[in-house]
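Student: Could we go through this model together, setting each value against the definition behind it?
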Amino acid sequence: MFRRICAAILLLLAAFGVAAAQPLDGRAQEDHAEITALIHQSAALSLPPRIERAFMLTLTAANDAYLQGEIPRTVMHLRTFAFEVRSVKRAKRLPP
């Protein structure tokens, strides 16, 4: 029982350390610029409103998470965006 409690506390501390980690300064500006570029490119595609809204919500959430320093959440949102793009492309709703 004591080992399980210690393991749980250790896992919580490790998760807190990962969540509180700040991105590297040099790379931070490049990453933010890439997310912003994705937002602008998606807005310029003139997609159907529902698809454009889904893309914008996902990318805005990724951008907000990145600005708050929550890198794991940023990665999750960017993976979701990639999945959304593949799904829309598979459904042939993306312009060439």
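Student: How many salt bridges does a search of the whole structure find?

Tutor: The search finds one salt bridge. This is a predicted model, in which local features need pLDDT of at least 70 and side-chain atom pairs count only at pLDDT 80 or more, while totals for chains, interfaces and linings use all residues. Residues are numbered from 1 along each chain as its sequence is written, and side-chain values use heavy atoms, with hydrogens and water left out.

Student: What makes R73 and E70 a salt bridge?

Tutor: The term requires a side-chain nitrogen of Lys or Arg within 4 Å of a carboxyl oxygen of Asp or Glu. The closest N and O atoms of R73 and E70 are 2.6 Å apart, so the pair meets that definition.

Student: Why is R73 called partly exposed?

Tutor: Buried means under 20% relative accessible area and exposed over 50%, with partly exposed in between (1.4 Å probe, protein chains only). R73 has 33%, and is therefore partly exposed; E70, at 29%, is also partly exposed.

Student: Why does N63 count as buried?

Tutor: Its relative accessibility is 12%, which is under 20% and therefore buried. Leaving aside neighbours within four places in sequence, N63 is in contact (heavy atoms within 4.5 Å) with H32, I35 and I39.

Student: How do you know that the span of helix 3 is close to the expected one?

Tutor: Helices are DSSP runs of H or I with at least four residues, and strands are runs of E with at least two, numbered from the N terminus. Helix 3 has 19 residues, and the expected span is 1.5 Å times one less than the number of residues, so 27 Å is expected, close to the 26 Å from first C-alpha to last.
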